[in-house]
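Student: I have a new structure to read. Can you take me through it, one feature at a time?
Tutor: Gladly. Look first, then ask.

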Amino acid sequence: MDTTSYNNPEQGNQEERLWNYIDGTATATEKTLIEKLIESNAEWKEKYRELLEVNQLLQASELEAPSMRFSKNVMEEISRVHIAPATKSYINKKIIWGLGFFFITMFIGFLIYGIGQMTFTGGEESTLTKNISKVDFSKFFNNTWVNAFMMINVVVGLFLLDMFLSNKRKEFRKQA
Amino acid sequence: MSTGLNDNEIISKVLSGDHQAYAIIVNRYQNYVFTLTLRMIKSREDAEEVAQDVFIKAYKYLADFRGASKFTTWLYTIVNNTCITFLRKKRLDIQSLDNEHVFATADNIDSGMRANIVEQKSKLAMVNDAIGLLGSDDAQIITLFYKAEQSLEEIAEILGLETNTAKVRLHRARTRLKEKMETHYTEEVKNIYN
């Protein structure tokens, strides 16, 4: 009896390919290849038969049933419960936008404050490109509050990016 | 009470005030929900309590179901979350329960008596027993795929995984199930394969 199929990469791969074939998730090319292997190779044929048997048993396996009173108990319980309003209806988008506006304003405020704290030691040449190299950024970036606030904004930014990307992925999946 | 209605029609009825229509949903899915909770929680008593909790939660938040996915996918997501919360509360290891102790107990039964019991067991009961010996994660994914009729994409949504990860997990779970069957039900498996 084989109990080491998962330790044997070759066999693991064979099983995985056969499961893909049985589940119908193999590509058309892979499907044709596996069909040929099953026909021509005794080892593949035997393994396919085994997996197919397990698959059929799993499909035919029975569901467990709860006690006879289950449904009645649930209905009794829900008579004491009220359906909550949909989340969408009580999460006001204006509040979300308001919070976003607040954070952005705070960020800009800190930025302006930080820039105001910097020492500009420019000479007579007053072009921005020449002066920017003389700006003392150390005061700005050594400010703990600014650093902390920047960090919060980075986290919030990453969170929003993650939300955006997962929404995109869902849309892509739906289209596919 | 008509049972020919589809899930979305029943939900609309419940949301418009016909609370008794929810009984159709409960009757339709109680075995699926109970099987899933039992696969994760292992104790019948606790599984029944959690399954009830799942239906109550689903009822309470029914207005949040907007039909973007199948109702069952939404319901099984609640099953998954409720089971995880329960197991956390009970401080059980939900990753991979080693069920060898089950066999240690089973081995203590007189071998003749055990053989007799095993003989009486049908193939299907053996499969169910073998699933029961798997870790919660493996048992859950097998049940979702074979019994709850969820596609790999839907399983991924329920468990919060990528589809490919769900696929790999299913492969691993089936391999481990086969190994359990071959190790603990050697004779029966021989008969099945031959």
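Student: Leaving aside its neighbours within four places in sequence, which residues is F55(B) in contact with?
Tutor: First, a caution: this is a predicted model. Now the case. F55(B) is in contact with residues of both chains. From chain A come F70(A) and V74(A). From chain B come Y22(B), I25(B), V26(B), Y29(B), Q30(B), V33(B) and L75(B).

Student: How do I read a nonpolar core?
Tutor: In soluble globular proteins, nonpolar side chains tend to be buried together. Here the largest nonpolar core has 77 residues. F55(B) is among the members that touch the most others, along with Y22(B), V33(B), F71(B), L75(B), Y76(B) and I142(B). Helix α2 of chain B, residues 22-41, gives the most to this core, with 12 residues.

Student: What is chain B built from, helices or strands?
Tutor: Chain B has 11 helices and 0 strands. Of its 194 residues, 52% count as buried. Now take the contacts in chain B with a separation of 6 or more. Residues 24 or more positions apart account for 64% of them.

Student: How is the size of an interface given?
Tutor: Often as the accessible area lost when the parts come together. Between chain A and chain B, about 4,900 Å² is buried. Carbon and sulfur atoms give 63% of that area. The contact takes 46 residues from chain A and 57 residues from chain B.

Student: How many salt bridges are there between chain A and chain B?
Tutor: The count is 4. One salt bridge joins R44(B) and E64(A), with the closest N and O atoms 3.1 Å apart.

Student: Which elements give two or more residues to the side of chain A that touches chain B?
Tutor: They are α1, α3 (42-60), α4 (70-78), α5 (87-90) and α9 (144-175) of chain A. The largest share, 11 residues, comes from α3(A). By class, that side of chain A has 20 nonpolar, 12 polar and 14 charged residues.

Student: Why does E15(A) count as buried?
Tutor: Read the relative accessibility against the cut-off: buried means under 20%. E15(A) counts as buried because its relative accessibility is 2%. E15(A) lies in helix α1 of chain A, residues 9-23.

Student: Which side chain does E15(A) join in a polar contact of 3.2 Å?
Tutor: The side chain of K47(A).

Methods. Residues are numbered from 1 along each chain as its sequence is written. Chains are lettered from A and ligands numbered from 1 in the order in which they are written. This is a predicted model: local features need pLDDT of at least 70, side-chain atom pairs count only at pLDDT 80 or more; totals for chains, interfaces and linings use all residues. Side-chain values use heavy atoms; hydrogens and water are left out. A nonpolar core is a set of buried Ala, Val, Leu, Ile, Met, Phe, Trp, Tyr and Cys residues joined through side-chain atoms within 4.5 Å. Buried means under 20% relative accessible area, exposed over 50%, partly exposed in between (1.4 Å probe, protein chains only). Helices (H or I, at least four residues) and strands (E, at least two) are DSSP runs, numbered from the N terminus. Contact means heavy atoms within 4.5 Å. A polar contact is a pair of N or O atoms within 3.5 Å; within protein, one must be able to donate a hydrogen and the other to accept it, and residues adjacent in sequence count only if both atoms are side-chain atoms. Buried area is the accessible area (1.4 Å probe) that two parts lose on being put together, summed over both. A salt bridge is a side-chain nitrogen of Lys or Arg within 4 Å of a carboxyl oxygen of Asp or Glu. Ala, Val, Leu, Ile, Met, Phe, Trp, Tyr, Cys and Pro count as nonpolar, Asp, Glu, Lys and Arg as charged, and the others, Gly among them, as polar.
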